[in-house]
Amino acid sequence: MAESIFAAVREQIKQNVSDTLNAFGDGQADWGELAVHALSQLLISALYLGLFLVVYALLISIVRFAVGKKRAQHPLFNHARTGIRYLFGLGALLVIMAQFGAAPELLKSMARAGLMALGFFVGWLVAGRLIREAMSRYRLDPSIRQLVENLFSVLTATFAAVTVLAQFGFDVVSIVAGLGIVGIAVGFAAQSTLSNFIAGITLLIERPFRIGDWVTINGQDGKVVKIALRTTWLRTRDNIFTMIPNDSVASSDIVNYSAEGATRLNIPVGIAYKESAKAAREVIMPVLLAHPEVLQSAGMEPRVVLKNLGDSSVDLEVKIWITPDNLDVQPRIMADVLEQVKEALDDAGIEIPFPHLQLFIDEAKGLKPLVEPLYPKLAGKS
């Protein structure tokens, strides 16, 4: 019973496959002959492909031997090898397609499109190298270099795609018009993104800060680690990354601590009114002069100045300069200097006061009846 069921299923599947193949062949195809023909074409194509590979390998070996082993490591040789490999691949593809009966017009279109694509690739390499050399010569910011290279690559790829499509009979004008309409629709749908994009380009051109600068943007302190076209990335001293939209960055106040080189730090120090500001300065200055991270160059000498006469202390201010490289550890330097200053003042016996209040009551008559009766009792106990 089971064998008869399996036999019926097998016959049904065989009949369905036969009907399907006959439908493709209009009921007149000899599938055995067709299979033999397809296999023979595949073998011939494999032979052609192998022949192309052998010729390519021989040519590359000859060129490598001619230019020498050292010159073969040059990027120019690698680009030339890529171009030769591309030409051999294009030729093999055309031969194989012709073997399978591709139309001559299609083969001509593919050949023209392939050669034009290669031309655009060579032009992209040459023009890209010239652009990079020009930007290096004028010492442009790395962010601007990246922007120019990306825009050049996108424009080159766009023109190459349009040119290649034109070789196959596509209406390029209609495609460009359609892309324009789509671009307008996308522009309305992504106004915020476009605003950030334009603001990013403005920041790259005006350069209020560069990668590696310590800045304050929208009240957020951090080191600039990346200037993208849509956002600016900051890293705080707590190793927290903040992404701020460029539109917000361009419209806010920007404080750049690294733009002008060395930065001055102001550290407040208070001493008691009975102490001498001059004596405190003589104690603090050796600490500043001995600190390895405090600049001592002309015009940037450390100083101790009298800043204010406070309610409970004489307020001094320690002024020191540090290099831009030390902005990463600015809080540590300030804490270190302040700790050494306190130890020096303690060793010198100079008091560092804390806030306190002293109360004065005129004649204190209101407290006299409460205080006087206690005196006889205290005297009798003694």
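## Annotated segments

Over residues 42-63 the chain is 100% helix and 0% strand, with 31 Å between the end C-alpha atoms. The model is predicted: local features need pLDDT of at least 70, side-chain atom pairs count only at pLDDT 80 or more, and totals for chains, interfaces and linings use all residues. Residues are numbered from 1 along each chain as its sequence is written, and side-chain values use heavy atoms, with hydrogens and water left out.

Helices (H or I, at least four residues) and strands (E, at least two) are DSSP runs numbered from the N terminus. An unreviewed UniProt entry places the feature "transmembrane region" at residues 42-63, 84-103, 109-131, 151-170 and 176-205; such annotations may be inferred rather than shown by experiment. Over residues 151-170 the chain is 85% helix and 0% strand, and the end C-alpha atoms are 25 Å apart.

## Cores and helix α9

A nonpolar core is a set of buried Ala, Val, Leu, Ile, Met, Phe, Trp, Tyr and Cys residues joined through side-chain atoms within 4.5 Å. Buried means under 20% relative accessible area, exposed over 50%, and partly exposed in between (1.4 Å probe, protein chains only). The largest nonpolar core has 24 residues, of which L288, V318, I320, V337 and L345 touch the most other members. At least two residues of this core come from each of β6 (263-271), α9 (277-290), β8 (314-322) and α10 (330-347). A second, separate core has twelve residues, including L203, F209, I217 and V249.

Helix α9 has 14 residues and reaches 20 Å from its first C-alpha to its last, close to the 20 Å expected at 1.5 Å a residue; the expected span is 1.5 Å times one less than the number of residues. Its buried residues are A280, I284, M285, V287 and L288, and they pack against β6, β7 (303-309), β8 and α10. Contact means heavy atoms within 4.5 Å. Leaving aside neighbours within four places in sequence, L288 is in contact with residues that include V294, P302, V318, I320 and V337.

## Strand pairs

Two strands pair if DSSP finds at least two bridges between them. Strand β2 (residues 220-227) runs antiparallel to β3 (residues 231-235) and is joined to it by four bridges, with V224 partnered by L234 in β3. Three residues link β2 to β3 in a hairpin. Five antiparallel bridges pair β3 with β4 (residues 241-245), and T231 stands opposite P245 in β4. The hairpin of β3 and β4 has five residues between the strands, and N239 in the turn has a positive phi of about 60 degrees.

S252 lies in the loop between α8 (246-250) and β5 (254-256) and counts as buried because its relative accessibility is 16%. Beyond its neighbours within four places in sequence, S252 is in contact with I217 and N218. K274, in the loop between β6 and α9, is exposed, with a relative accessible area of 65%. K274 and S313 are 39 residues apart in sequence, and their C-alpha atoms are 9.2 Å apart.

The table gives polar contacts (pairs of N or O atoms within 3.5 Å; within protein, one must be able to donate a hydrogen and the other to accept it, and residues adjacent in sequence count only if both atoms are side-chain atoms).

| From | To | Distance |
|---|---|---|
| S252 side chain | N218 side chain | 3.4 Å |
| S252 side chain | V249 backbone oxygen | 3.1 Å |
| K274 side chain | E351 side chain | 3.3 Å |
| S276 side-chain oxygen | K278 backbone nitrogen | 3.3 Å |

S276 caps the N-terminal end of α9.
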